[in-house]
Amino acid sequence: MSDNEKIQRTVLPIPDQPYKGLIMYDAKDPESKFPPIAQLRPPKDAPNVLLILIDDAGFGSSSAFGGPCQTPNAEKLAADGLKYNRFHTTALCSPTRQAILTGRNHHSAGMGAITEIASGAPGYNSLLPNTMSPLARTLTLNGYSTAQFGKCHEVPVWETSPIGPFNAWPTGGGGFEYFYGFIGGEANQWYPTLYEGTTPVEPKKTPEEGYHLVEDMTDKAIAWIGQQKVLAPDKPFFAYFAPGATHAPHHVPKEWADKYKGKFDGGWDKLREETFARQLKLGVIPPDSKLTPRPKEIPSWDEMPEALKPVLRRQMEVYAGFMEYTDYHVGRLLDSIKKLNILYDTLVYYIIGDNGASGEGTLNGTFNEMLNFNGMSAIETPEFDIERIDKFGGPESYNHYAVGWAHAMDTPYQWTKQVASHWGGTRNGTIIHWPKTIKGKGELRTQFHHVIDVAPTILEAAGLPEPQFVNGVQQHPIEGVSMLYSFNDPKAAEQRETQYFEMFGNRGIYHKGWTAVTRHKTPWILIGEKTPAFDDDVWELYDTNTDWTQANDLSKEMPEKLHELQRLWLIEAVKYNVLPMNDDLGRVLNADTAGRPQLIKGNSQILFGGMGRLSENCVINIKNKSHSVTAEIIVPDSGAEGVIIAQGANIGGWSLYANKGKLKYCYNLGGVNYYYVEATSPLPAGEHQVRMEFAYAGGGLGKGGKVTLYTDGKKVGEGDIPMTLAMIFSADDGCDVGLDSGAPVSQDYGPQGNGFNGKIKGVQIAIADAAENSDHLVSPEDAIRIAMARK
């Protein structure tokens, strides 16, 4: 037995053992002998692990499970491995990711919803307890090389700034040794806000030069795995590959979307029927399955305006191209592993969706999903979208498809993402491939499983015990069960007999084939929906032993069985921190009422040149109120040019900059209208104070105002801004001082080379009467002193 086989691994880090042998005075003494330095490695035969998690893809999306989006690499992997057709997620992204990386239910792990609406309740605070050390840390501390690529949506919003803390970042408390990707719920695939580890980095080329995030992160993953195998061939790796695809915005090179031209002309109702027929033929659903009816809340294809249908068809073409494009790059990654001759002993999970397909794109879909978040969806008339139909999926768009398409992508089940009660929100096709251990090829597994079962499966495959102590803290037991028992036994009795579900009050319970479920909230109505009291929700009962798709509601015929399962749901909810449920999104979106920490306090904020990548949670909120932006700058003799400060992106935001020597302000209204105010004269060389004052008109949210520009206290320009964005500028691009990274706010400059050509000594953003009219901004030292005093 090797030294690595003798190691007790239930306490991590593994305690160092002192040398107990004879130590001589002189190392040249013949009795002076020491064993060679031992390197920590996992147990013998521990496999490489590749965990692939696609974003926002329903059961009926991928061709591997009968969907219309061609995923030949998923099909190829399944043909040499296993398909699981009863694998489940939590119905939302952050919760699924927290669960998959810890092996605990999402409420247990503090992630009852997304990080942006965290509250003080233990099941919803977005804080991973230190009693639940993540899988990556366990593997790293046992000798694995570990890396994450793509999306990380588990960082509390008040910890997302470049200054940290990094306790929840992948290479911080997440336990990974390397990270390349983005922090947050979604990314602009053309202009992503990227980090390598905890360091901000910029894409090496533009969309015009062929840049796309999925290709970029795949290149990084291929390079990392190749380097790992060259430099440490005796160490297995754990690579977590989590693209932001196919989450909105649905960004994809045009030629990939064009492959689907005309394929969705029949609409979403016909597509559901076609997908259902393919699923029956493939055998991924039983032959007696029923296609569930479309909910009355989702309009039929025939009910949609004819003028809008060309745009609706294009939305689905773009989405399908996006999924196929993503699968293509997954294939590149798998091929690279095969070329290294290690695919045979690599455990691959290919999970097609972290929840069901997203119904958050509204009934009509959108060219810019931020418009809906700002209550401006009415601006998207058929004429508006027809004008932009060729730009859907491109760098100018931030697009999402209509609810009807999302429902079709969840065929044959009811509902969509967020609806944890029904399989349309939680059932995701999954492929497992490990030729060294799995003997069957192209086989189907029907055992019921959940994302919390992934971590214990990987640990069992690696021969590693569940740790009892990590960093001196006793660990809460893993709540998942290993799936390894089913790898070579298609008839094995399922080891998961009970699983609760809950998201925004949508809830359900699975127990030995029976499900009791209730839909409480509608996914595409973000705020303002009149939901019933939780006790007034109408429950449904299904026997999925005989009713695979939850099509035959037995609640009226079997009320006692329904009550039995309702009680079981409540027991599980108490056990796993589900209570109290909260369906008031308006309240939890507000950090003050939610009890969520805020990085920025007070009515003003001082920034300095070179600061950037500041998400909206890291910058004082100037929306719907009067405010000012004041900057101390030094203009070179050649004249002023470039961005002084910008917030947002081409889909919405504002920028204060110099254009052809003149001070200029741009307000970008959702990428629809651009409003400019420019100084009447150029900025002279030398040191100056420039200032923009925005006098908000008031009278509600999203109203307009008057902009006045000043240089050294003298008014140099003014103009009106008729409307503003009420809630959000961008979910991806943040605030930068001295340049505008990512997709540019103003049409006066491009994405590269827009930095200010002089020096920026400091910038102050202030709201209302907090705006200071001093001749100069405070020094960095004074700024720190003032901030500490306010704290």
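Trainee: Where is Glu396 found?

Mentor: Glu396 lies in the loop between α10 (382–387) and α11 (403–409); helices (H or I, at least four residues) and strands (E, at least two) are DSSP runs, numbered from the N terminus. The model is predicted, so local features need pLDDT of at least 70 and side-chain atom pairs pLDDT 80 or more, while totals for chains, interfaces and linings use all residues. Residues are numbered from 1 along each chain as its sequence is written, and side-chain values use heavy atoms, with hydrogens and water left out.

Trainee: Why is Glu396 called partly exposed?

Mentor: Its relative accessible area is 49%. Buried means under 20%, exposed over 50%, and partly exposed in between (1.4 Å probe, protein chains only); Glu396 is therefore partly exposed.

Trainee: What makes the pair Glu396 and Lys391 a polar contact?

Mentor: The side chains of Glu396 and Lys391 are joined at 3.2 Å. A polar contact is a pair of N or O atoms within 3.5 Å; within protein, one must be able to donate a hydrogen and the other to accept it, and residues adjacent in sequence count only if both atoms are side-chain atoms.

Trainee: Which residues is Glu396 in contact with, leaving aside its neighbours within four places in sequence?

Mentor: Phe367, Lys391 and Asn650, where contact means heavy atoms within 4.5 Å.

Trainee: How far apart are Glu396 and Ala743?

Mentor: Glu396 and Ala743 are 347 residues apart in sequence and 8.6 Å apart in space, C-alpha to C-alpha.
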